[in-house]
Amino acid sequence: MAVPARIITLITGASSGIGAALARRLAARGEHVVLVARRRALLEQLVAEIAATAGSAEALPCDVTDREAARACVADVLRRHGRVDRLILNAGGGGRTPPEHLTAAEMRAAFDLNVMGVAHFVEAALPALLQQGSGQIVAIGSIAGFRGLPHAASYGAAKAALMNYAESLRVDLAPRGISVTLAAPGFIVSRDTRKKRSKPMAMALDPAADRLAAAIVARQSYVSFPTLLAWIARLLRLLPAAFYDPLIRALDRR
Ligand SMILES: NC(=O)c1ccc[n+]([C@@H]2O[C@H](COP(=O)([O-])OP(=O)(O)OC[C@H]3O[C@@H](n4cnc5c(N)ncnc54)[C@H](OP(=O)(O)O)[C@@H]3O)[C@@H](O)[C@H]2O)c1
């Protein structure tokens, strides 16, 4: 009987937080994880940790905002493994930006990382995925992309753009055998959120990563959690601006 091929999973933003937590979980399922981020030392540390538990991983340092670097990274994986099965395009983030610090450059940086950092990998991998007629793309959006939040103009706008992009991809690619999973998590206590002030219903990293890994493996189209916060965020979308604006300002001051 033929041995089933190992799933090849590329994860961006794998040097810390959610990306590293997903890498540990998917490697524990027997997937070969390709770890992508800028900090080589952290990636190599995680490769060693995964290898010590009999998992399979490799580090591929890359800045996702660099289109050519993303192309080279995917080409390298395809050359050595012959295919890629999952792309978890998780690298992203952004801090709180008060109005005094809102500049076009700050907005561009948010889009370069959270939107173009995903588009570069989609562009690089899509021809191979289409040829395979199989595969999965995972985009990590955020509840911050649902509606404008205080001090989150650039990050929220970038995540809103990413989520719309991922939904379009999902509609277009399903008939071609490629699934797209869009995640819109609420607040997760990782390095990204340490400095943020208001973190209603913040989830610890481990349960959040468990939830996300389960949704990815099940090829869910969409996942948003924690469930109560996701529902509140959906309901807030329906509120007229006259109610929404003072309410969200008050919630942010808590
Ligand atoms: N934490 C939350 O509350 C929360 C909520 C909703 C959504 N999210 C989203 O979840 C994702 C992961 O966030 P996290 O909380 O795990 O943050 P994190 O711990 O700060 O991790 C961010 C990851 O992205 C990588 N990264 C940043 N810029 C990069 C670049 N230019 N090129 C390559 N890699 C880059 C970082 O690695 P290097 O610095 O080594 O490059 C790091 O591995 C992000 O997309 C974030 O927006 C987070």
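Reply: Happy to. The chain has eight helices and nine strands; helices (H or I, at least four residues) and strands (E, at least two) are DSSP runs, numbered from the N terminus. This is a predicted model, in which local features need pLDDT of at least 70 and side-chain atom pairs count only at pLDDT 80 or more, while totals for chains, interfaces and linings use all residues. Residues are numbered from 1 along each chain as its sequence is written.

Me: Why is Val-33 called buried?

Reply: A residue is buried if 20 or more other C-beta atoms lie within 10 Å of its own, exposed if 12 or fewer, and partly exposed in between, with C-beta atoms placed from the backbone. Val-33 has 30 C-beta neighbours inside 10 Å, so Val-33 counts as buried. Val-33 sits in strand 2 (residues 32-36). Leaving aside neighbours within four places in sequence, the contacts of Val-33 include Thr-9, Ile-11, Ala-23 and Ile-50. Over the whole chain, buried residues make up 40% of the 254 residues.

Me: Which residues of the largest nonpolar core touch the most other members?

Reply: A nonpolar core is a set of buried Ala, Val, Leu, Ile, Met, Phe, Trp, Tyr and Cys residues joined through C-beta atoms within 7 Å. In the largest one, of 71 residues, Ile-11, Leu-22, Ala-23, Leu-35, Val-36 and Phe-121 touch the most other members. Helix 4 (residues 104-132) gives the most to this core, with 10 residues. In soluble globular proteins, nonpolar side chains tend to be buried together. Val-36 is in contact with Leu-10, Ile-11, Thr-12, Ala-14, Leu-60, Cys-62 and Cys-73, leaving aside neighbours within four places in sequence.

Me: How do you know that strand 4 is joined to strand 1 and to strand 5?

Reply: Two strands pair if DSSP finds at least two bridges between them. Four bridges join strand 1 (residues 8-12) to strand 4, and these two run parallel. Four bridges also join strand 4 to strand 5 (residues 135-140), again parallel. Ile-88 in strand 4 is the bridge partner of Ile-11, and Val-138 in strand 5 is the bridge partner of Ile-88. In strand 4 (residues 86-89), Arg-86 and Ile-88 point one way and Leu-87 and Leu-89 the other way, and all are buried.

Me: How do you know that the span of helix 6 agrees with its number of residues?

Reply: The expected span of a helix is 1.5 Å times one less than its number of residues. For the 13 residues of helix 6 (residues 205-217) that should be 18 Å, and the end C-alpha atoms are 18 Å apart, which agrees.

Me: Which residues of helix 6 are buried, and what puts them on the same side?

Reply: Ala-208, Ala-209, Leu-212, Ala-213 and Ile-216 are buried in helix 6. They cover an arc (that of the directions from the helix axis to the C-beta atoms) of only 130 degrees around the axis, which puts them on the same side of helix 6. On the other side, Pro-207 and Ala-214 are exposed.

Me: Why does Arg-219 count as exposed?

Reply: Arg-219 has 12 C-beta neighbours inside 10 Å, so Arg-219 counts as exposed. Arg-219 lies in the loop between helix 6 and strand 9. The phi of Arg-219 is near 55 degrees, a positive value in a residue other than glycine.

Me: What about Phe-225: buried or exposed?

Reply: Phe-225 is buried, with 20 other C-beta atoms within 10 Å. The peptide bond from Phe-225 to Pro-226 is cis, with omega near -5 degrees. Most residues other than glycine have a negative phi, and most peptide bonds are trans.

Key. Contact = placed C-beta atoms within 7 Å.
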